[in-house]
Amino acid sequence: MLALALASTLTACSSLNPLTSFTREKPQSVSGFVGDVVADEPQAALAARDVLAKGGNAADAAAALGMALSVTLPSRASLGAGGACLAWKPGEQEGHAFIFLPNAGQVDAKADRPAAVPMLVRGLYLMQLRYGSVEFGDVVLPARNMARDGVPVSPLLAADMSAVEGPLLADDKTRSIFSNGNGQVLKASDLMVQPRLAGALERIRLAGAGDFYTGALAETFAQAAQAAGGGLSKADLRNSLATTERPLTLHTNGVDISFLPPPADGGLGTAAAFTGNQAQATVRGEAVVSGWRARQAGKGTSVSVADAQALLNSGSLPSGSALPPLPASTSFVVTDRQGGVVSCGLTMNNLFGTGRVAGSTGIILAASPANRPLPLLTAAIAHNGTSQFRAAATASGQNVAADTAAVALQAALAGGRPEVTNGPGRANFVSCPAGLPGNSAKCFGWTDPRGNGLAVSSGEQK
C-alpha cells in the first residue's frame, strides 16, 4: 500500500525544483564561484554542485550528495549505510563532528545475515539541520529523481559489482536491480533504474527523516529487513541516534585543524600521521588506530573524545599491529562561497552490505558491525582561526585511509598535489591556500587520478 501511494505521488511531484519549496530560507541562484565539490562518484558530485549553484550552502550540498550516493553508489553508501561528517564555517572555533556509524541491532536468532541499523538519513539530517539553509526534503529530491529516472552505472560501481557478482546475482531482489537480464551484472554506462528506492526517498522527502525511524516507513522497512534475514526491529530504528561530538584539534604553523573524533577513529589516525609527516617522522595512522582500539577493548560503547585529545596533545600515541582487513568506504568534501565546509566518510560495513534488499523499500541492507571490525572513516578541516577556511581532506582505502588523508591534507595546505601513487588509498581534498572567504580564484578541488571521482569548482569540471 505504501509503494502504491508513493507511485502516484512521484508523478505529481516530478517537476519540482529541489530548491524552491522550503520555508527556512529562499536562496537565489548564484553565478561566479559557488564552492568546490570532490567525491568518488561523479553524478553525486554534480548533484551537489547544482545545489550550490541554486544558492544552497555546503551542508545542503553535502546532504544532497550523501543522499545521491545512496542511488549512484549503493555498494558503499545506500540508505542502509552510516558514516561520519565534519563541518565548519567561519565564526566557529572548531566546528562539529556528526557520528552516525552503522550500529548493530538487537540479536535475532532468525537473522542469517544480520544487518546494521540504517543511519545515513539520520546523520545527514542532523548535520544539515545544524548547518543547512533549506528544508531537508529539498536536498532529498535530486536523489529521488535519479532513482526514478535512472542513472548510468559509474566505473566505481561497476567495479564493485564485478567484485561480488556471484552473491549479487544469487539473490532475486538484488538481481532485479543490478542484473542486465543476461546473467551478468550491469556494466559501466548501463542505465540503472530503482523505482522502489525512489518510493522510499519520496516518503522521506514528504514525511521527513523521522518517518524512516518511527513512522510508516520504519514499519515497512523493519518488516522487510526481517524477511531479508537482517533481523532489525522498529525498536532498533527508534533507539539508534546520530550524535554531535567535539572534533579532535591540532594547532600547527598558525593553522587550526579539526579531525573526526572516535568512534570514527580514522580521524585520530590522520591527526597522528599528519603530525608525523610535519616532523618528518614515521608515524602510521593505521598503527595508532590499532593501538587506540586495543586500549578501548572492553569499554563497550563508552568512548571518550577527551581521552583521544589528551593522547594527541601528549604526543605519546598508542601503537599496535596492522588492523584486520577493514570494510570499504567512500568519501567527499563540499565547500561553499562563504567558506563553509563539510567532509564525510560513509560505509556499508562491507561491499553491498549484506547483499540483500529490504523488500519494497529498495534499500540495500548494510552489514552489522557485531562480528566484523569497524571501518576506518576519516576527515580533516583546516582553518585560520575562526575567520577563513584553508583546506579539507578525506580518503577511502580501507586500512590505509587515515594515512592517505594525512598526505592529502599536507598537500592541500601547501596548495599542491599529493604524492599518493601507490596502494589502495583514494584521497579527496579541497585547497584554498589564500583562505576563503577571500581569494576564491586560488581554491581548487583534487581527487585521486587513479580513481573514478570528480572535482567540480565554480560550475566547471577539473
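Start by selecting Cys 432 and Cys 443, which form a disulfide (a pair of cysteine sulfur atoms within 2.5 Å) with their sulfur atoms 2.1 Å apart. The model is predicted, so local features need pLDDT of at least 70 and side-chain atom pairs count only at pLDDT 80 or more, while totals for chains, interfaces and linings use all residues. Residues are numbered from 1 along each chain as its sequence is written, and side-chain values use heavy atoms, with hydrogens and water left out.

Stay on this link. It is right-handed, with 120° about the S-S bond of Cys 432 and Cys 443. Cys 432 is in strand E15 (residues 426–436), and Cys 443 is in the loop between E15 and strand E16 (444–447), 11 residues apart. Helices (H or I, at least four residues) and strands (E, at least two) are DSSP runs, numbered from the N terminus. Both Cys 432 and Cys 443 are buried, where buried means under 20% relative accessible area, exposed over 50% and partly exposed in between (1.4 Å probe, protein chains only).

Next select Cys 85 and Cys 344, joined by a disulfide with an S to S distance of 2.0 Å. The torsion about their S-S bond is about 110°, so this disulfide is right-handed. Cys 85 lies in strand E2 (residues 82–88) and Cys 344 in strand E12 (residues 341–347), so the pair ties together parts 259 residues apart in sequence. Cys 85 has a relative accessible area of 0% and is buried; Cys 344 is buried too, at 0%.

Now show helices H3 (residues 58–72) and H6 (residues 136–149). Their axes (lines fitted to C-alpha atoms, for helices over the stretch in contact, with angles from 0 to 180 degrees between N-to-C directions) are 8 Å apart at an angle of about 25°. H3 and H6 are therefore roughly parallel (angles under 35 degrees) to each other.

Finish at Asp 236, in helix H13 (residues 234–239). Asp 236 is buried, with a relative accessible area of 6%. Leaving aside neighbours within four places in sequence, Asp 236 is in contact (heavy atoms within 4.5 Å) with Gly 105, Gln 106, Val 117 and Gly 231.

Terms used. Parallel < 35°, antiparallel > 145°, perpendicular 65-115°, else oblique.
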